[in-house]
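Visitor: I would like a close look at one part of this structure, with the rest as background. Please keep the terms plain and give their cut-offs.

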Amino acid sequence: PLHVAVIVMGDVGRSPRMQYHAESLLQEGFTVSLIGYQGEQLIPSLQEHSDRLNVIRFSTFSPSFLKALLPLYFLWRLASLVGGLVWALWIAAKSRPPVDCLLVQNPPAIPLLAISDLYWQ
């Protein structure tokens, strides 16, 4: 079966649309890696497919002192987001079977599509 990586730019548990996409892919027989932030629980129906579902969750570190300096905080968040996604894609790239297709959440597409393009090259 083909392996699809479903990438969420946020808490996977708070993205029912992407979870339902993952569920549909699983029902069609695909292997799915669901990638995104840690947080809320997944929908119960996803847990029925635990043999073909690989959930990769990561957290971003946000120092509270940077929130006082808003421009630095946004740069920090962007850097930590990109770093987390690169790490998650690297994990997905090393998984077996290898990833055949990426399904990315849109919006926000700008950082995700650029990182996904690097993954495929």
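What percentage of the 121 residues in the protein chain do buried residues make up? And how many salt bridges does a search of the whole structure find? Please take me through the salt bridges closely.

Guide: The model is predicted, so local features need pLDDT of at least 70 and side-chain atom pairs count only at pLDDT 80 or more, while totals for chains, interfaces and linings use all residues. Residues are numbered from 1 along each chain as its sequence is written, and side-chain values use heavy atoms, with hydrogens and water left out.

Buried residues make up 43% of the 121 residues in the protein chain. Here buried means under 20% relative accessible area, exposed means over 50%, and partly exposed is in between, with a 1.4 Å probe and protein chains only. The search of the whole structure finds three salt bridges. Each is a side-chain nitrogen of Lys or Arg within 4 Å of a carboxyl oxygen of Asp or Glu.

Some background comes before the close look. The protein chain has three helices and four strands, in the pattern β-α-β-β-α-β-α along the sequence. Helices (H or I, at least four residues) and strands (E, at least two) are DSSP runs, numbered from the N terminus. Strands of a sheet pair through backbone hydrogen bonds, either parallel or antiparallel. Two strands count as paired if DSSP finds at least two bridges between them.

The four strands form an open sheet in the order β3-β2-β1-β4, and the pairing is parallel. At its edges are β3 (53-58) and β4 (101-104), each pairing on one side only. From one strand to the next, the twist averages 20°. Axes here are lines fitted to C-alpha atoms, for helices over the stretch in contact, and angles between N-to-C directions run from 0 to 180 degrees. Strand β2 (residues 31-37) pairs with β3 in the parallel sense over six bridges.

Now the close look. Side chains of opposite charge can pair when their charged atoms come close. One of the pairs is R57 with D11, whose side chains meet in a salt bridge at 3.7 Å, N to O. This pair links distant parts of the chain, with R57 in strand β3 and D11 in strand β1, 46 residues apart. D11 counts as buried because its relative accessibility is 15%, while R57, at 22%, counts as partly exposed.

D11 also meets R14 in a salt bridge, again 3.7 Å from N to O. R14 counts as exposed, because its relative accessibility is 63%. R14 in turn forms a salt bridge with E40, where the closest N and O atoms are 3.4 Å apart. E40 lies in the loop between β2 and β3 and R14 in the loop between β1 and α1, so this pair ties together parts that are 26 residues apart in sequence. At 38% relative accessibility, E40 counts as partly exposed. Through shared partners, these salt bridges join D11, R14, E40 and R57 into one network.

A further residue to look at is V12, which is found in the loop between β1 and α1. V12 is buried because its relative accessible area is 1%. Contact means heavy atoms within 4.5 Å. Apart from neighbours within four places in sequence, V12 is in contact with Q19, L34, I35, G36, Y37, L42 and R57. V12 and I43 are 31 residues apart in sequence, and their C-alpha atoms are 9.9 Å apart.

Contacts across the sequence can also be counted for the whole chain. Among contacts with a separation of 6 or more, 57% are between residues 24 or more positions apart.
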